[in-house]
There are 4 protein chains.
Amino acid sequence: MKNTAVLLITCPDRKGIVAAVAEFLYKHDANILHADQHQDAEGKLFFMRVEWDLSGFALDLAEFSRRFSPLADRFEMRWRLEDSRNPLRVALFVSKYDHCLMDLLYRHKTGELLCEIPVIVANHPDAQKWGDFYGVPFHVIPVPAGDKEAAERKQLDLLAAEKIDLVVMARYMQILSREFVARYPQRVINVHHSFLPAFMGARPYHRAFERGVKLIGATSHYATEDLDEGPIIEQDVVRISHRDGLEDLLEKGRDLEKVVLSRAVRWHLDHRILVYNHKSVIFD
Amino acid sequence: MKNTAVLLITCPDRKGIVAAVAEFLYKHDANILHADQHQDAEGKLFFMRVEWDLSGFALDLAEFSRRFSPLADRFEMRWRLEDSRNPLRVALFVSKYDHCLMDLLYRHKTGELLCEIPVIVANHPDAQKWGDFYGVPFHVIPVPAGDKEAAERKQLDLLAAEKIDLVVMARYMQILSREFVARYPQRVINVHHSFLPAFMGARPYHRAFERGVKLIGATSHYATEDLDEGPIIEQDVVRISHRDGLEDLLEKGRDLEKVVLSRAVRWHLDHRILVYNHKSVIFD
Amino acid sequence: MKNTAVLLITCPDRKGIVAAVAEFLYKHDANILHADQHQDAEGKLFFMRVEWDLSGFALDLAEFSRRFSPLADRFEMRWRLEDSRNPLRVALFVSKYDHCLMDLLYRHKTGELLCEIPVIVANHPDAQKWGDFYGVPFHVIPVPAGDKEAAERKQLDLLAAEKIDLVVMARYMQILSREFVARYPQRVINVHHSFLPAFMGARPYHRAFERGVKLIGATSHYATEDLDEGPIIEQDVVRISHRDGLEDLLEKGRDLEKVVLSRAVRWHLDHRILVYNHKSVIFD
Amino acid sequence: MKNTAVLLITCPDRKGIVAAVAEFLYKHDANILHADQHQDAEGKLFFMRVEWDLSGFALDLAEFSRRFSPLADRFEMRWRLEDSRNPLRVALFVSKYDHCLMDLLYRHKTGELLCEIPVIVANHPDAQKWGDFYGVPFHVIPVPAGDKEAAERKQLDLLAAEKIDLVVMARYMQILSREFVARYPQRVINVHHSFLPAFMGARPYHRAFERGVKLIGATSHYATEDLDEGPIIEQDVVRISHRDGLEDLLEKGRDLEKVVLSRAVRWHLDHRILVYNHKSVIFD
């Protein structure tokens with residue numbers, strides 16, 4: 001387990017921010033492990049991520065907020081502090097396609113994804129075996145046509161009970177309602193099986209096939225109330241040719257979806273993503 | 001210079017086509033250099049490209065049509081024969097951005113593009129120096145707002161006078177009229193600076209920047225009357241990040257546009273492209 | 001299950017081969033589904049792969065050899081016929097790293113890999129759970145230092161008993177002896193965790209890290225008696241930077257190894273690979 | 001032209017470095033535009049690059065060293081300051097292949113490469129036309145077999161006279177002597193036409209072709225006394241297949257070489273590269 005803290009900052013860009021933050025951390029004996037920053041010249045905004053070792057850090061994290069607030073106020077910062085000793089609690093949502101689910105569970109097992117996965121939520125029972133294999137409780141909550149509301153109420157109750165921090169839609173084939181998404185702002189990650197904004201909406205591989213594109217893609221993004229319009233986290237593509245039938249696109253796409261989704265989840269877990277203007281900053 | 005012939009065939013898929021074509025060529029002593037075929041299972045269509053050495057070929061190409069017609073009729077073929085000893089005559093259209101123009105001229109000079117380039121057509125004089133450097137006549141035909149028709153008439157006259165086979169829009173920033181395109185069906189190649197069908201139309205890099213995509217692309221395609229909807233020939237992408245400003249996208253995009261356009265031109269010159277259903281088959 | 005036959009041919013390149021083969025197949029009512037060929041101009045060699053539908057094919061495959069032999073002799077062909085109704089029997093070899101094993105088993109389950117997998121052979125018990133999960137017998141055959149010979153004898157007995165056609169070294173960390181490999185020529189596929197021929201031999205990621213390369217790779221190849229020198233089937237790379245520590249290379253490499261190995265296995269199963277001069281032809 | 005300063009720092013990693021540097025710059029009213037840092041955990045080293053706007057900066061750069069030295073001494077820094085108002089002076093070395101030369105000159109013209117190019121040095125006259133076209137003095141210095149020394153003396157005299165900061169070997173086909181390279185440490189950039197360390201030395205495309213690799217690469221690196229062993233700056237690859245003959249590899253390679261070399265030159269000009277342990281840090 002990691003023993004670090006991560007500070008994420010967004011504020012108007014002006015002189016002295018780095019000096020003030022670095023001085024603050026130095027004063028409390030922080031051993032900085034990673035620091036990255038970004039300036040948006042157009043919007044005159046400043047973004048920063050600092051990660052430091054907690055062994056030897058002289059300030060109790062419970063005290064951090066009180067001590068850091070004056071500085072934060074001075075620079076009009078929006079900021080948050082993440083404690084890596086409390087890994088995020090993640091719920092995996094799945095339907096019938098199980099490739100992303102099994103991929104995420106495997107990466108979790110091998111230590112690539114530092115988090116807890118207390119629950120899998122499914123609207124079909126097909127992927128139950130993965131819950132059993134990895135010892136993760138598997139909840140089947142059917143979503144009957146016309147009564148999504150009741151299903152979402154059950155889902156939200158479950159998420160609340162399990163104190164879930166992040167929902168990952170691992171090819172979950174239902175559209176979450178505005179209300180659901182609003183409850184987890186920038187905390188629902190979805191993977192769309194196209195190179196967004198191309199082929200938004202339904203059946204992207206079919207439409208890619210019909211259009212005759214030479215590359216297909218996949219996109220992971222934060223879900224927002226506008227379907228497939230959320231801030232993009234990661235994208236990748238693979239080459240296809242006229243020889244590839246629809247079935248080949250689906251197969252090649254599966255490999256894309258797995259890597260594109262797992263990278264997004266990982267960066268989120270590592271607190272490396274800041275969103276502004278519907279766009280994402282991915283800190284190194 | 002190459003000394004080969006290329007036969008391109010599209011027909012309903014049924015048994016015996018390859019046997020018949022191969023037998024026909026063998027009977028006339030063709031030394032086959034490349035052969036590639038494709039079946040569209042859904043559309044029950046068959047596509048074939050055969051290239052053979054003309055040295056030793058026992059049939060005069062002027063005779064080919066007469067001799068091959070009975071076979072072609074039997075299989076309901078649409079077909080054409082290309083004689084590589086008559087390289088295509090290409091007109092390059094350009095506006096102010098000259099990176100694709102200079103790239104194509106360089107590739108032509110080094111022998112990558114086997115064709116003749118008797119004319120550059122420009123609506124601005126900026127790229128004149130490249131015409132001078134490579135010794136290619138450079139015609140400035142301004143396209144005044146509201147009088148594209150007169151300009152296109154001059155362009156078409158020039159193309160006719162120069163017996164042009166292929167028009168390459170090397171970042172030519174004007175939209176050709178339906179009438180123009182209809183005169184050169186599948187003989188106008190354009191490069192669009194996005195990963196189509198994402199960001200069709202104007203200012204794709206600006207829109208990609210605003211949307212926060214993680215890859216930008218370029219697409220070469222045959223121009224059709226519907227802008228950016230023509231059959232795609234080639235696409236490629238390059239990774240960008242939040243650090244890349246609009247200017248960086250433009251720069252990275254230039255490298256993409258060059259390779260994506262030059263591959264399309266090359267495959268066209270080598271008679272390796274067949275179009276059907278608004279999609280392209282690119283033969284190996 | 002597929003119901004097709006695949007004919008693979010290597011012979012000196014001369015006129016009339018395609019005509020003769022196509023005519024032969026047409027005569028027996030073959031409905032050709034895929035055909036691809038390659039000429040090696042330098043070596044004056046011809047390579048061909050034809051796949052046809054067996055429904056409606058008028059010749060019993062048991063008869064094929066007798067009927068085809070005169071033609072094959074005339075063109076000095078080396079050839080073989082594969083019957084897709086008899087899927088290959090594959091043994092997966094594994095040590096402790098299980099990512100390639102679990103990936104191949106998953107692809108097999110989802111129908112991407114058309115084969116039978118009657119046995120997993122391991123020199124460590126760690127991956128037993130995957131055998132259990134997928135219901136594949138898992139044989140632990142330890143390989144004590146200094147007594148590889150006895151272990152290989154057991155392995156070979158098992159392979160013979162199970163009528164194995166293909167051995168896949170799914171990150172099996174032992175070097176197979178010359179004698180073993182000679183028993184399965186071009187039927188042992190290995191994945192090496194570097195972009196061969198860079199970093200042949202031991203600890204390629206460590207050496208890549210020390211050298212400061214900007215891309216790491218993985219290579220699948222047929223095992224031969226010379227370690228890492230066998231014919232390359234597939235390679236791929238992923239970008240790394242100075243920020244990536246050795247652990248990151250290992251993680252990124254795992255994703256590469258999975259795709260590079262699974263593609264090779266798939267192409268082998270589909271009889272799409274021909275080897276000559278220590279190089280591979282991968283038919284489309 | 002840019003109006004910025006760049007500070008590059010290497011030192012043992014310990015607490016307070018960032019705070020001290022940021023405080024120093026803030027005290028002198030620096031408006032920081034970019035800052036990036038890197039920690040090498042294994043070697044316990046710290047690397048930093050800061051770029052700030054010189055308009056409004058309160059310290060004369062001539063004074064910088066005196067004022068910064070105490071801080072630098074305290075942290076045992078190796079450091080240097082670059083003033084972007086004095087763009088580097090670059091000499092391009094070329095032989096017969098001119099694709100990298102013409103590419104660099106074009107990028108210079110369009111403003112991608114911020115530098116001065118006062119001289120092209122060639123051992124053959126073939127590329128003279130590019131010097132003429134871009135108005136860059138073109139010096140032919142033949143390198144007779146057995147008398148490289150005299151030629152290098154002339155080259156070095158020319159570089160000294162032109163106050164050259166960076167030598168770019170744009171497919172210059174001669175090996176520079178140890179003495180030459182020692183005079184321009186980390187200031188000679190070469191492009192090798194393989195994915196190093198694969199195919200070091202002569203004729204890499206030929207050897208890649210013979211080995212049957214599925215990707216070919218190119219590598220830009222600082223030249224050192226050990227040929228092709230210098231710190232790698234950038235690498236890239238492109239896919240090939242059995243269909244690609246040697247000539248195709250050469251062509252595809254040219255496009256690789258251009259981008260790989262031009263990126264390295266650009267990062268050097270922007271003072272974004274730090275070398276340690278024979279490896280490069282490329283700052284964002």
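Let's start with a strand pair in chain B. Strand β9, residues 188-192, is joined to strand β10, residues 215-222, by 4 bridges, and the two run antiparallel. Within that pairing, His192(B) sits opposite Thr219(B) of β10(B). Keep in mind that this is a predicted model.

Now the sheet around that pair. It is an open sheet of 7 strands in chain B. The order reads β7-β6-β5-β8-β9-β10-β11, and the pairing is mixed. At the edges are β7, 138-140, and β11, 232-239, of chain B, each pairing on one side only. On average, neighbouring strands here are turned by 20 degrees against each other, direction ignored. Helix α3 of chain B, residues 99-109, packs on this sheet. It touches β5 (89-94), β6 (116-122), β8 (166-169) and β9 of chain B. The direction of α3(B) makes about 170 degrees with that of β6(B).

Next, the contact between chains B and C. On each side, how many residues take part? In chain B 18 residues are in contact, and they meet 18 residues of chain C. The area buried between the two chains is about 1,500 Å². Carbon and sulfur atoms give 52% of that area. On the chain B side, Lys15(B), Ala19(B) and Tyr26(B) lose the most area to chain C. Together these three make up 32% of what that side buries. What about salt bridges between chain B and chain C? The count is 0.

On to chain C, and helix α1, residues 17-27. Why call this helix largely enclosed by the rest of the structure? Because 8 of its 11 residues are buried. The buried residues of α1(C) are Ile17(C), Val18(C), Ala19(C), Ala20(C), Val21(C), Ala22(C), Phe24(C) and Leu25(C). What do they pack against? One partner comes from another chain: α1 (17-27) of chain B. The others belong to chain C: β1 (4-12), β2 (31-40), β3 (45-53) and α2 (61-74). After α1(C) comes Asp29(C), with a positive phi near 70 degrees.

Still in chain C, look at strand β6, residues 116-122. Here 6 of the 7 residues are buried, so β6(C) is also largely enclosed by the rest of the structure. Strand β5 of chain C, residues 89-94, is joined to β6(C) by 5 bridges, and the two run parallel. One bridge pairs Arg89(C) with Glu116(C) in β6(C). A reminder on strands: they pair through backbone hydrogen bonds, either parallel or antiparallel.

Now cysteines. The disulfide count over all chains is 0. Take Cys115(C) as a case. Its closest cysteine sulfur is in Cys100(C), 15 Å away. A disulfide needs the sulfurs within 2.5 Å, so that 15 Å is too far for a bond. Cys115(C) is buried, with a relative accessible area of 10%. Cys11(C) is buried too, at 1%.

Last stop, chain D. Arg67(D) has its place in helix α2, residues 61-74. Asp40(D) is 27 residues from Arg67(D) along the chain, and their C-alpha atoms are separated by 28 Å.

Terms used
Residues are numbered from 1 along each chain as its sequence is written. Chains are lettered from A and ligands numbered from 1 in the order in which they are written. This is a predicted model: local features need pLDDT of at least 70, side-chain atom pairs count only at pLDDT 80 or more; totals for chains, interfaces and linings use all residues. Side-chain values use heavy atoms; hydrogens and water are left out. Two strands pair if DSSP finds at least two bridges between them. Axes are lines fitted to C-alpha atoms, for helices over the stretch in contact, and angles run from 0 to 180 degrees between N-to-C directions. Contact means heavy atoms within 4.5 Å. Buried means under 20% relative accessible area, exposed over 50%, partly exposed in between (1.4 Å probe, protein chains only). Buried area is the accessible area (1.4 Å probe) that two parts lose on being put together, summed over both. A salt bridge is a side-chain nitrogen of Lys or Arg within 4 Å of a carboxyl oxygen of Asp or Glu.
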